[in-house]
Amino acid sequence: KLHSDLDKGVGTVKYTLSGDGAGTVFTIDETTGDIHAIRSLDREEKPFYTLRAQAVDVDTKKPLEPESEFIIKVQDINDNEPKFLDGPYVASVPEMSPVGAYVLQVKATDADDPTYGNSARVVYSILQGQPYFSIDPKTGVIRTALPNMDREVKEQYQVLIQAKDMGGQLGGLAGTTTVNITLTDVNDNPPRFPKSIFHLKVPESSHVGSAVGRIRAVDPDFGKNAEIEYNIVPGDGGNLFDITTDESTQEGVIKLKKPLDFETKKAYTFKVEASNLHLDHRFHSVGPFKDTATVKINVLDMDEPPVFSKPVYTMEVYEDTPVGTIIGAVTAQDLDAGSSSVRYFIDWKNDVDSYFTIDATEGTIATNELLDRESTAQYNFSIIASKVSNPLLTSKVNVIINVLDVNEFPPEISVPYETSVCENAKPGQVIQTVTAADKDLSPTGQRFSFRLSAEASNKPNFTVHDYRNNTAGIETRRNGYSRRQQELYFLPVVIEDSSYPVQSSTSTMTIRVCRCDSDGTILSCNVEAIFLPVGLSTGALIAILLCIVILLVIVVLYVALRRQKKKNTLMTSKEDIRDNVIHYDDEGGGEEDTQAFDIGALRNPKVIEDNKIRRDIKPDTLHFPRQRPPVEDNTDIRDFINQRLQENDVDPTAPPYDSLATYAYEGNGSVAESLSSIDSLTTEADQDYDYLSDWGPRFKILADMFGEEESYNPDKVT
């Protein structure tokens, strides 16, 4: 109810309402200000409404007071039951769980206001499912209520859960849900054979590895807890059989490990043990999780083919054995109770089988043709044995016949050899290693021996060295070979074997003489042209070579002496006034040596043109007729040098090298003054050299030389 202080009750005030639900949920009496709900309210739909009210003047329509805001709150009542939003539930718990084992927690939701009264306070209870399970009233946790619940007894449980508000009091609203609980399996049961003994019947013709029977142990558990492993307990017959587990059926499959024979043993008995693969240690106290049963197998007699005494027959026969010779026999028997006779025959497949025959009754094998080991060394064929009472029952065996060798072929050189020997070969040098081969085949292996034939053993060219290991070496016996004398040698080699009777052959080897280097490498084996006279002996060749060598030595010595002679004649004086200076590091002859040079050449500027000789060697003719050179007045050193230079330039016999002659001025201070005629005021004819003899022994040679010139002067008259 709204009321304004300005409302005097005379109808001059009008009330208005606006806001949430105004006009739709709530209405106001304009005169009295009473607010009414015009429809049902749901707190869960809208818990409160915000409205605004105002009083206005009826006449002027103007507000008498400011607009007022107020909230209408919807008060909750218990009009909603609890609901399980996640139901129905599915849960599981292992079998044999203890009391109080957790299973599942359920939760119910109540839409009423939890803050007002007990409308939203929920309490849980079990309506169906007791006494196996219990639930916590406040939390909704479901737990087991009985111990050792067995899955094999009952596996599925359906539990009905109720949730009631108002704290479970009378008048409260309730909701329910279903919980389906499954007991999961644990390995709490051992396998058990349904009976203690199993009887099986097996034909004796059963193949090795085939299944001969099945047995089964029962395990009430499920999944991997029901997996069973079967084993044969060691004992009678256990080594002839084996057992495996069929994964799909968990049956034990008994298989045959060895062939059965009714005539040998008619029954086998053994024990089989069945056990779980996956054990649970919590149930060890229950007892051993395995069981044992006895299996008895009876062998059924079958009509079987004959059985040979050996799986393979091996025989030997010499080649060239006469036709009809028995080389061996095969034996087969009927092992059945009513023994039947056996017939033999060869399993013909090709023409090779016709080389032998077999006696149908006795089983003896004989030759039907002559055998040749070199053609076929081994025969392999099959023999079939059948029962007379039932020819369809047959068995087969392989027969191998080895043909033994008879020594009928001589050994021979295994391959053709191309043998060569160097001209410079030394005695004892191995030039070829040879091997031999024999078409015969000895069981112990052949041994070959090598030697020269009788006619070749006396020749001094080659020999054969037997290494005693089926090889031999061809060795040289002389020092050197000549292709000019003999290009090819033929060496007969005798080869013998060690079998009986002894066989031998002679093989002729061809040996070619070749030209080789010092290392023994072959350079040429072709025939070369021979330029020497026909019939020239080796001694003559050696004599010719010695003569050539002697001539070469003489020529070399002659040239050496000539060069030494020229070397000794070279001038060594450093005071040589001529235009070449040749220096030899040897000691001169001193003042006694007058053969060094001709002093007259210095004093005579003109040289005879037609008799020019080398000046750097000693002339062959030492004495020339002395001629008095014409006296020239005013001789100048420069003209002399230029003249000599020009002469040497045009002289073809002059040395090809430049030489220098030094003309030095003696200077003043000599007691005898200058000895040179240069700068003398008088001519050579006016000179008097007698005073030289007074100067002592040092100038004796000079005094004699100039004294001879005076005596030789033709202008003087004595």
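Which helix does Leu-552 lie in? Leu-552 sits in helix α1, which covers residues 538-568. Welcome to a short tour of a predicted model, in which local features need pLDDT of at least 70, side-chain atom pairs count only at pLDDT 80 or more, and totals for chains, interfaces and linings use all residues. Residues are numbered from 1 along each chain as its sequence is written, and side-chain values use heavy atoms, with hydrogens and water left out. Helices (H or I, at least four residues) and strands (E, at least two) are DSSP runs, numbered from the N terminus.

**The surface patch**

- Ile-544, Leu-545, Ile-548 and Leu-552 make a nonpolar surface patch of about 400 Å².
- Patches are built from residues with over 30% relative accessible area and no salt bridge; nonpolar side chains (Val, Leu, Ile, Met, Phe, Trp, Tyr) are joined within 5 Å, and like charges within 9 Å.
- Accessible areas come from the Shrake-Rupley method with a 1.4 Å probe, and for residues only the protein chains shown count as cover.
- Leu-552 counts as exposed because its relative accessibility is 55%.
- Here buried means under 20% relative accessible area, exposed means over 50%, and partly exposed lies in between (1.4 Å probe, protein chains only).

**The three-stranded sheet and Phe-133**

- Strands β7, β10 and β9 form an open sheet in the order β7-β10-β9, with antiparallel pairing.
- At the edges are β7 (102-105) and β9 (133-135), each of which pairs on one side only.
- From one strand to the next, the twist averages 25 degrees; axes are lines fitted to C-alpha atoms, for helices over the stretch in contact, and angles run from 0 to 180 degrees between N-to-C directions.
- Phe-133 has Thr-144 in β10 as its bridge partner.

**Aromatic pairs**

- The structure holds 16 aromatic pairs.
- Phe-133 and Tyr-157 form an edge-to-face pair, because their ring centres are 5.6 Å apart and their planes stand at 80 degrees.
- Phe-133 lies in strand β9 and Tyr-157 in strand β11, so this pair ties together parts that are 24 residues apart in sequence.
- Both Phe-133 and Tyr-157 are buried.
- Phe-356 and Phe-381 are stacked, at 5.5 Å centre to centre with 25 degrees between the planes.
- Phe-356 belongs to strand β25 and Phe-381 to strand β27 (residues 378-387), so the pair ties together parts that are 25 residues apart in sequence.

**Salt bridges**

- The count comes to 15 salt bridges, each being a side-chain nitrogen of Lys or Arg within 4 Å of a carboxyl oxygen of Asp or Glu.
- Asp-185 bridges to Arg-151, with the closest N and O atoms 3.0 Å apart.
- That pair links distant parts of the chain, 34 residues apart: Asp-185 is in the loop between β12 (174-184) and β13 (197-203), and Arg-151 is in the loop between β10 and β11 (156-164).
- Asp-185 and Arg-151 are both buried.
- Asp-347 forms a salt bridge with Lys-396, the closest N and O atoms being 3.2 Å apart.
- Asp-347 lies in the loop between β24 (342-346) and β25 (356-358), and Lys-396 in strand β28 (residues 394-404), 49 residues apart.
- Asp-347 counts as buried because its relative accessibility is 14%.
- Arg-512 pairs with Glu-487, again by a salt bridge, with the closest N and O atoms 3.0 Å apart.
- Arg-512 is in strand β36 (residues 504-516) and Glu-487 in the loop between β34 (471-476) and β35 (488-496), so the pair ties together parts that are 25 residues apart in sequence.
- Arg-512 counts as partly exposed at 33% relative accessibility, and Glu-487 counts as partly exposed at 22%.
- Salt bridges with shared partners join Arg-151, Glu-152, Glu-155 and Asp-185 into one network.

Methods
Two strands pair if DSSP finds at least two bridges between them. Rings of Phe, Tyr and Trp (its six-membered ring) pair if their centres lie within 6.5 Å; planes under 30 degrees apart count as stacked, over 60 as edge-to-face and the rest as tilted.
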